[in-house]
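Subject: Structure handover

Hello,

Here is the structure I said I would pass on. My notes on it follow below the display.

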Amino acid sequence: MIRLATVKDAEEILAIYTPYVRKTAITFEYDVPDINEFRSRIESTLENYPYDSA
């Protein structure tokens, strides 16, 4: 089943995102955000839009 992401999914999404930050240039980030920053990003997005981790 496909569903919209929520703040509760932050740890799993960050685990998927981390290798892209560390090993590629596609994220435009140099450092992996900590879990609190990542949750904040999700919360901020969810105020107006569904969160898309793709």
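D9 counts as buried, at 14% relative accessibility; buried means under 20% relative accessible area, exposed over 50%, and partly exposed in between, with a 1.4 Å probe and protein chains only. This is a predicted model, in which local features need pLDDT of at least 70 and side-chain atom pairs count only at pLDDT 80 or more, while totals for chains, interfaces and linings use all residues. Residues are numbered from 1 along each chain as its sequence is written, and side-chain values use heavy atoms, with hydrogens and water left out.

D9 is found in the segment before α1; helices (H or I, at least four residues) and strands (E, at least two) are DSSP runs, numbered from the N terminus. Not counting residues up to four places away in sequence, D9 touches R3 and L4, where contact means heavy atoms within 4.5 Å. With R3, the side chain of D9 forms a salt bridge at 2.8 Å, N to O. A salt bridge here is a side-chain nitrogen of Lys or Arg within 4 Å of a carboxyl oxygen of Asp or Glu. The C-alpha atoms of D9 and I35 are separated by 11 Å, and the two residues are 26 apart along the chain.

**The other salt bridges**

The structure holds four salt bridges. In one of them, R39 pairs with E11, with the closest N and O atoms 3.3 Å apart. R39 lies in helix α2 and E11 in helix α1, so this pair ties together parts that are 28 residues apart in sequence. R39 is partly exposed, with a relative accessible area of 27%, whereas E11 is exposed at 51%.

Another salt bridge joins the side chains of R41 and E37 (2.9 Å, N to O). Both residues lie in helix α2, four residues apart, which is about one turn of the helix. R41 has 29% relative accessibility and counts as partly exposed; E37 is also partly exposed, at 36%.

**The core**

Which residues make up the largest nonpolar core? There are nine: A5, A10, I13, L14, Y17, V21, F38, I42 and Y51. Such a core is a set of buried Ala, Val, Leu, Ile, Met, Phe, Trp, Tyr and Cys residues joined through side-chain atoms within 4.5 Å. The elements giving two or more residues to this core are α1 and α2 (35-46), and α1 gives the largest share, five residues. In soluble globular proteins, nonpolar side chains tend to be buried together. As for I42, its contacts beyond four places in sequence are T6, V7, A10, I13 and Y51.

**The loop and the surface**

T27 lies in the loop between α1 and α2 and is buried, with 16% relative accessibility. Its side chain reaches the backbone nitrogen of E29 at 3.2 Å. Leaving aside neighbours within four places in sequence, T27 is in contact with Y17, Y20 and V21.

I16, Y20 and I26 make a nonpolar surface patch of about 340 Å². Patches are made of residues with over 30% relative accessible area and no salt bridge, with like charges joined within 9 Å and nonpolar side chains (Val, Leu, Ile, Met, Phe, Trp, Tyr) within 5 Å. Accessible areas come from the Shrake-Rupley method with a 1.4 Å probe; for residues, only the protein chains shown count as cover. I16 sits in helix α1 (residues 10-23) and is exposed, at 59% relative accessible area.

Regards

Methods. Polar contact = N/O pair within 3.5 Å; in protein donor to acceptor, adjacent residues only side chain to side chain.
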